[in-house]
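Reader: I'm new to this one. Can you walk me through it?
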There are 4 protein chains.
Amino acid sequence: MKNSAILLIQCPDRKGLNAAISDFIFRHEGNILNFEQHQTVEDNLYLARIEWDLQGFRLDLEDFPVTFAPIAQRFSIQWRVALSSYRPRVAIFVSRHDHCLVDLLYRQRTGELACEIVMIISNHPDAQRHADFYGIPYCVIPVTRENKPEAERRQLELLRKSEIDLIVLARYMQILSPDFIRNYPERIINIHHSFLPAFIGAKPHLQAYRRGVKLIGATAHYVTEVLDDGPIIEQGVERVSHKDALEDLVEKGRDLEKVVLSRAVRWHIENRILLYNNRTVIFD
Amino acid sequence: MKNSAILLIQCPDRKGLNAAISDFIFRHEGNILNFEQHQTVEDNLYLARIEWDLQGFRLDLEDFPVTFAPIAQRFSIQWRVALSSYRPRVAIFVSRHDHCLVDLLYRQRTGELACEIVMIISNHPDAQRHADFYGIPYCVIPVTRENKPEAERRQLELLRKSEIDLIVLARYMQILSPDFIRNYPERIINIHHSFLPAFIGAKPHLQAYRRGVKLIGATAHYVTEVLDDGPIIEQGVERVSHKDALEDLVEKGRDLEKVVLSRAVRWHIENRILLYNNRTVIFD
Amino acid sequence: MKNSAILLIQCPDRKGLNAAISDFIFRHEGNILNFEQHQTVEDNLYLARIEWDLQGFRLDLEDFPVTFAPIAQRFSIQWRVALSSYRPRVAIFVSRHDHCLVDLLYRQRTGELACEIVMIISNHPDAQRHADFYGIPYCVIPVTRENKPEAERRQLELLRKSEIDLIVLARYMQILSPDFIRNYPERIINIHHSFLPAFIGAKPHLQAYRRGVKLIGATAHYVTEVLDDGPIIEQGVERVSHKDALEDLVEKGRDLEKVVLSRAVRWHIENRILLYNNRTVIFD
Amino acid sequence: MKNSAILLIQCPDRKGLNAAISDFIFRHEGNILNFEQHQTVEDNLYLARIEWDLQGFRLDLEDFPVTFAPIAQRFSIQWRVALSSYRPRVAIFVSRHDHCLVDLLYRQRTGELACEIVMIISNHPDAQRHADFYGIPYCVIPVTRENKPEAERRQLELLRKSEIDLIVLARYMQILSPDFIRNYPERIINIHHSFLPAFIGAKPHLQAYRRGVKLIGATAHYVTEVLDDGPIIEQGVERVSHKDALEDLVEKGRDLEKVVLSRAVRWHIENRILLYNNRTVIFD
């Protein structure tokens with residue numbers, strides 16, 4: 001397994017940033033494996049992801065904040081450092097459609113997703129047997145209009161106790177309240193089964209069918225308080241034709257949703273995503 | 001060149017339709033080259049495209065309506081017959097962006113589009129030299145808010161005199177009035193530079209850029225009186241990333257628009273499109 | 001569930017074929033749901049798939065051969081008739097890579113694949129637990145250079161006892177002998193992890209990596225006696241870059257292989273495939 | 001127009017490379033716009049592209065080699081520096097198929113390709129009028145088996161006189177001799193109308209048609225002395241079906257070839273390509 005550190009950076013662009021950061025890592029004897037940086041034209045922002053080998057690196061990452069502080073202050077850097085060896089703790093929310101859940105579980109097991117799937121939370125008991133197969137706790141918390149605040153309170157308690165880093169809504173059909181969302185800013189990923197911003201809201205496949213589109217889509221995005229409006233992480237499309245009935249759209253959608261959601265989760269886990277202006281930067 | 005007839009049919013589904021139609025063609029000694037028919041599940045409609053070789057066909061196509069009438073009446077058929085040898089007369093409307101225009105002209109010349117491009121109408125003189133190169137009349141009709149009715153009157157006059165069958169809006173940046181459109185129902189094809197119904201209206205690339213989408217699109221559709229709402233004929237998408245500035249989206253969009261529009265025009269010309277419920281059936 | 005019959009036809013093209021076949025179905029009061037026919041330009045072949053509703057059809061399908069014989073003889077038709085309600089009996093062969101197996105099992109359970117998966121045969125015990133989860137018999141038959149004839153004899157015995165209609169090689173890493181293949185002509189589907197005919201044979205991902213391709217592929221095909229040379233059913237590709245190490249190609253390949261193989265299996269099961277000249281016709 | 005310098009680097013990976021290079025640019029008061037670097041896993045190579053703003057840069061690029069030499073020697077760096085303001089001088093070779101030629105000419109005119117197209121060399125007179133339209137010298141040099149060495153001599157003379165930087169074979173149907181190629185190492189780009197390494201050599205569309213593939217491809221690559229074996233720059237594919245005759249493959253191929261070739265030319269012109277081990281690195 002790769003034992004590396006990843007530094008994500010955004011700040012106003014200024015001369016000397018690359019030199020200062022590269023030099024900092026070199027001074028502590030880190031070998032940079034990957035340095036990706038670009039400047040945005042319209043906002044004049046400096047955006048970067050730097051990954052270096054920790055073998056031989058002579059700075060304890062716990063001391064990184066203090067040691068890096070002078071540079072960070074000089075350049076007004078917003079930064080985040082992560083270890084590739086750290087496996088984020090993930091909770092998956094699911095309702096009745098279990099294709100994304102099963103796909104994520106399989107990918108985690110094959111090593112494609114370097115995370116711990118700590119729990120599955122559902123408003124239905126249906127997917128229990130998949131959870132059992134992979135040996136993951138499955139918590140059924142029914143949600144109705146009346147009990148929603150209480151249900152969310154219970155969900156949050158579970159998440160906190162398990163120190164969850166990332167929530168994945170794998171076709172979870174309930175809308176989370178703004179209060180809930182504020183607990184996990186930029187840490188809830190949803191899959192919407194349309195090409196956003198087309199077909200926001202309920203029943204996007206039916207909307208797409210009625211509009212007679214020639215391609216259907218899927219969009220993975222961070223959840224914000226405005227429905228289906230958060231920063232887009234990944235999108236995909238698949239061709240459909242007049243021969244496709246609504247249920248064919250649903251079926252074709254499933255393959256899309258699995259691929260699009262799993263990519264988004266992976267990029268989040270691998271610390272490849274930066275956010276600015278309600279948009280994502282994906283370092284690949 | 002293929003010398004064939006094409007029959008497009010829609011009607012309520014009933015037993016015996018295929019037999020009646022096949023038999024009709026066989027009785028007049030036509031050899032069917034292609035028979036494509038399907039039944040829509042939700043509306044129980046019969047939709048079909050039949051193409052047969054005219055060599056040896058013993059019915060003059062001018063007599064087709066009368067001879068076919070008994071079958072048409074028995075099954076309440078809406079039909080249209082066309083000759084593959086007939087080259088539809090096309091007018092292209094263009095403004096300043098000339099990439100779709102140039103692409104269509106080139107494809108027509110190589111034989112990919114079996115039509116006559118009879119005239120180019122523009123509100124700007126810019127594309128004149130391309131028209132000259134291909135030897136096609138280029139009519140400049142400036143359009144302002146004030147003169148729009150008069151401009152459309154002149155356009156319609158030109159179109160009628162030249163007996164135009166199809167109008168292609170190849171990035172024509174003026175919105176046609178409902179009055180104009182009613183003269184050419186299901187005979188005006190537009191290219192919109194987004195994945196409809198996302199980013200309807202003006203500056204779709206800017207809208208897409210701001211929303212931070214990961215794919216940009218293009219949509220060819222028939223023009224109806226509601227803006228960007230007509231039946232979709234074809235759509236395409238292309239991947240973009242955070243590195244793409246607005247002008248990169250515009251550039252990537254150009255390739256999409258060319259391919260998507262030229263396919264739509266071709267399918268129309270080859271009589272492959274049926275319309276029902278504001279949707280298209282594309283027989284391929 | 002749809003209760004329909006499907007007739008697949010190939011023969012030399014002649015006038016009157018559509019009329020004769022449509023009339024035959026109509027005379028027995030069948031309602032045609034879907035009629036797709038085309039004539040090949042270079043071979044002058046008539047190729048067709050006709051699907052009709054069995055509700056009200058007044059001919060027992062067991063009597064179809066005798067009743068249809070006069071038409072078949074008149075036109076020298078090669079034909080095959082199938083019931084959409086019949087669920088083909090499938091055996092899946094797998095080695096260590098279980099992604100295609102797991103994918104097929106899941107799709108069968110959700111109803112996407114209208115077949116019975118009767119058994120899984122493997123030369124390794126690794127995938128047993130997936131078989132158990134879905135309640136499908138899992139037969140381990142180790143294969144070595146020495147015992148191969150004996151192993152194939154045992155495999156064939158199992159297949160015959162279970163009256164298998166279709167064999168799916170879901171990343172089965174053994175090459176089947178010509179003798180074995182002759183028992184199941186046009187009834188063994190393999191997934192090859194390259195874009196055939198590029199990278200035939202062993203380790204296609206390594207070959208692709210070394211050649212520096214920008215897209216990797218997967219190909220589902222019928223197995224014939226010549227390695228990787230059978231009729232291609234479906235192909236797919238995925239973009240790769242210089243950043244992708246060999247193991248990234250393998251990972252990206254998995255998603256491709258699942259989608260490409262499952263489509264091929266589905267088309268076979270739904271009687272959408274005709275073969276001629278070592279090529280497939282896919283009626284969609 | 002962007003006034004920047006681009007530095008392309010490859011060398012054995014070692015600690016301190018990023019720091020040394022960034023610091024060098026910073027010391028001369030360059031502002032880095034884009035820094036992309038990665039380490040190859042299997043060869044342990046350091047590969048990088050660095051672009052910086054020349055505004056305020058206090059080193060004349062003519063002095064770059066001498067000033068940068070100490071760093072280059074310390075790290076055994078192979079490097080190349082280029083100016084974004086320099087417009088490479090391009091010669092296009094073409095035979096009868098003119099779609100790629102016309103496409104490149106149009107893109108150059110719209111500003112998409114920041115180069116000078118200095119001349120067009122052809123073994124046929126057919127494309128003369130396109131050259132005239134864009135005002136570019138068109139040189140007809142017929143090639144036969146007998147006169148080939150003489151023809152190449154004349155071609156080379158023209159290229160040298162015009163100080164050509166890049167040769168683009170835009171469906172040029174003659175095979176260049178090794179002697180010719182050695183004059184322009186890594187500076188001849190060819191478009192092959194297949195998905196290499198499938199269908200090497202003559203008539204790839206016919207080969208593809210006969211094999212019954214479901215996708216056709218196109219490949220842009222640098223020309224080396226081994227036919228169709230040079231480093232691949234870009235590839236694309238397009239879906240085909242059993243309904244497509246050979247001429248349909250040719251037509252679909254044209255769209256592919258235009259897009260794939262123009263991307264390759266653009267990346268070369270924008271100094272985005274590094275070569276190692278007969279493979280390309282594309283910095284995007």
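Predicted model: local features only at pLDDT ≥ 70, side-chain atom pairs only at ≥ 80, totals over all residues.

Reader: Okay. Which residues of H3(D) meet H8(D)?
Author: On the H3(D) side they are D:His99, D:Cys100, D:Asp103, D:Leu104 and D:Arg107. Their partners in H8(D) are D:Arg254, D:Glu257, D:Lys258, D:Val259, D:Leu261, D:Ser262 and D:Val265.

Reader: How do those residues divide into nonpolar, polar and charged?
Author: The contact of H3(D) with H8(D) has 5 nonpolar, 2 polar and 5 charged residues.

Reader: And at what angle do the axes of the two helices cross?
Author: Roughly 45°. H3 covers residues 99-110 of chain D, and H8 covers residues 246-269 of chain D. Their axes come within 9 Å.
Author: Because of that angle, H3(D) is oblique to H8(D).

Reader: Is the crossing of H3(D) and H8(D) left-handed or right-handed?
Author: Right-handed.

Reader: New topic. How many residues of chain A are in contact with chain B?
Author: 33 residues of chain A, and they touch 33 residues of chain B.

Reader: What area is buried between chain A and chain B?
Author: About 3100 Å². Carbon and sulfur atoms give 54% of that area.

Reader: Which three residues of chain A supply more than any other three?
Author: A:Arg211, A:Lys214 and A:His242. Together they supply 24% of the area that chain A buries against chain B.

Reader: How many salt bridges across the interface of chain A and chain B?
Author: The rule finds 6. The side chains of B:Lys243 and A:Glu36 meet in a salt bridge, at 3.8 Å from N to O.

Definitions and conventions. Residues numbered from 1 in each chain as written. Chains lettered and ligands numbered in written order. Heavy atoms only, no water. Axes fitted to C-alpha atoms, helices over the stretch in contact; angles between N-to-C directions. Helix = DSSP H or I, 4+ residues; strand = E, 2+ residues; numbered from the N terminus. Parallel < 35°, antiparallel > 145°, perpendicular 65-115°, else oblique. Left-handed = near helix turned anticlockwise from the far one by under 90°. Contact = heavy atoms within 4.5 Å. Nonpolar A, V, L, I, M, F, W, Y, C, P; charged D, E, K, R; others polar. Buried area = accessible area lost by both parts, 1.4 Å probe. Salt bridge = Lys/Arg side-chain N within 4 Å of Asp/Glu carboxyl O.
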